[in-house]
Amino acid sequence: METLYEEVAALMVKFKKVVVLSGAGISAESGIPTFRSKGGLWEKYDPAIYASFEVFRTDPSKYWKIRGEFIKNYDKYQPNQAHSALVDLEGMGIVRYVITQNIDGLHKKAGSKNVVEIHGSLREIYCLQCSKEYLAPEVPDGMPPRCNCGGVLKPNTVLFGEQLPQEALATALHESATCKIMLLIGTSAVVYPAAALPSHAKQNGARIIEVNIEKAFPEADYFIEEKAGAALPRIVAEIKLICK
Ligand SMILES: [Zn+2]
């Protein structure tokens with residue numbers, strides 16, 4: 001009898017056009033604290049204040065207070081085996097796109113090429129006045145940090161009350177509608193628009209594979225109850241066996 005891993009691997013080889021939707025779970029395995037979990041950032045800091053665009057415009061130091069340290073230590077956080085496995089799968093022509101809710105930039109850091117960061121990225125920081133770009137961790141000191149023109153710096157992440165990047169969103173919707181398989185990794189799939197993508201994929205005929213420590217998408221066709229850093233390298237190994 002085929003194991004779940006063999007079955008999932010065979011499916012990916014057969015259909016290809018896999019689109020990944022990744023969430024906080026994959027980053028947690030790199031030691032990045034999740035926001036919504038117990039003990040997470042949002043328990044201490046109300047996101048309606050600390051991550052609100054309106055508040056940012058009047059008092060940007062609030063956002064920098066919760067994010068500044070992460071940005072200063074940006075190089076400390078490294079992609080894990082799950083991120084690397086997705087790079088391999090892209091190289092094999094199996095994964096077509098990675099759509100992520102994560103703002104840590106780890107998919108790009110790992111080497112994935114087609115990445116849509118629907119909530120933006122903390123790596124890119126720009127001046128609200130002259131648009132000059134800075135890259136984490138190279139940010140001027142100060143609270144809030146300011147550009148040498150005097151303008152306030154803002155990480156390129158989507159704050160509450162701020163519009164999502166339309167181009168990224170359009171790509172995410174298009175990829176979800178046209179993929180053959182959607183691979184959900186460590187996402188709780190509760191926050192719009194990410195929450196809508198698996199259903200969108202499923203309605204357009206895609207199979208849904210979920211890798212998670214807790215099932216979050218009831219309509220998934222396959223559920224691998226495992227950490228991403230363990231499950232994904234195993235899927236890659238099974239695919240290599242099929243393709244050798
Ligand atoms: Zn500037």
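Guide: A helix crossing is right-handed if the near helix is turned clockwise from the far one, and left-handed if anticlockwise, by less than a right angle. Keep that in mind for this predicted model.

Visitor: Which hand does the crossing of H1 and H11 have?

Guide: H1 and H11 cross in the right-handed sense. H1 covers residues 4-15, and its axis comes within 9 Å of the axis of H11. The two axes cross at roughly 65°.

Visitor: Which residues of H1 meet H11?

Guide: From H1 come Tyr5, Glu6, Val8, Ala9, Ala10, Met12 and Val13. Facing them in H11 are Ala231, Arg234, Ile235, Glu238, Ile239, Ile242 and Cys243. Sorted by class, this contact holds 11 nonpolar and 3 charged residues, with no polar ones.

Visitor: Now H7 and H11. At what angle do their axes cross?

Guide: Roughly 25°, and the axes come within 7 Å. H7 spans residues 81-91, while H11 spans residues 228-243. Angles under 35 degrees count as roughly parallel. H7 and H11 are therefore roughly parallel to each other. Their crossing is left-handed.

Visitor: What residues in H7 and H11 meet?

Guide: H7 brings Gln81, Ala82, Ala85, Leu86, Asp88 and Leu89. H11 brings Ala228, Gly229, Leu232, Pro233, Val236 and Ile239. The class count for H7 with H11 is 9 nonpolar, 2 polar and 1 charged.

Visitor: Next, the metal. What are the protein donors of the zinc ion?

Guide: They are the SG atoms of Cys127, Cys130, Cys147 and Cys149. Each lies 2.3 to 2.4 Å from the zinc ion. Along the chain, their spacing reads C-x2-C-x16-C-x1-C.

Visitor: Why does the pair Cys130 and Cys147 tie together parts that are apart in sequence?

Guide: Cys130 sits in the loop between strands S4 (120-127) and S5 (133-135), and Cys147 in the loop between S5 and S6 (153-157), so the pair links parts 17 residues apart in sequence.

Visitor: What geometry does the zinc site have?

Guide: Start with the ideal. Four tetrahedral donors would give angles of 109.5 degrees. Here the angles among the 4 donor atoms run from 101 to 116°, and the site is tetrahedral.

Visitor: How do I read the backbone?

Guide: Most peptide bonds are trans, and most residues other than glycine have a negative phi. Then look for exceptions. The bond from Ala136 to Pro137 is cis, with omega near 5°. The bond from Met143 to Pro144 is cis too, with omega near -5°. Pro137 is in the loop between S5 and S6, and Pro144 is found in the loop between S5 and S6 as well.

Visitor: What is the phi of Lys16, and where does Lys16 lie?

Guide: Phi of Lys16 is near 50°, a positive value in a residue other than glycine. Lys16 belongs to the loop between H1 and strand S1 (18-22).

How values were computed
Residues numbered from 1 in each chain as written. Predicted model: local features only at pLDDT ≥ 70, side-chain atom pairs only at ≥ 80, totals over all residues. Heavy atoms only, no water. Axes fitted to C-alpha atoms, helices over the stretch in contact; angles between N-to-C directions. Helix = DSSP H or I, 4+ residues; strand = E, 2+ residues; numbered from the N terminus. Parallel < 35°, antiparallel > 145°, perpendicular 65-115°, else oblique. Contact = heavy atoms within 4.5 Å. Nonpolar A, V, L, I, M, F, W, Y, C, P; charged D, E, K, R; others polar. Donors = N, O, S within 2.8 Å, 3.2 Å for Na, K, Ca; no water. Tetrahedral: all angles 85-135°; square planar, octahedral: opposite > 155°, others 65-115°.
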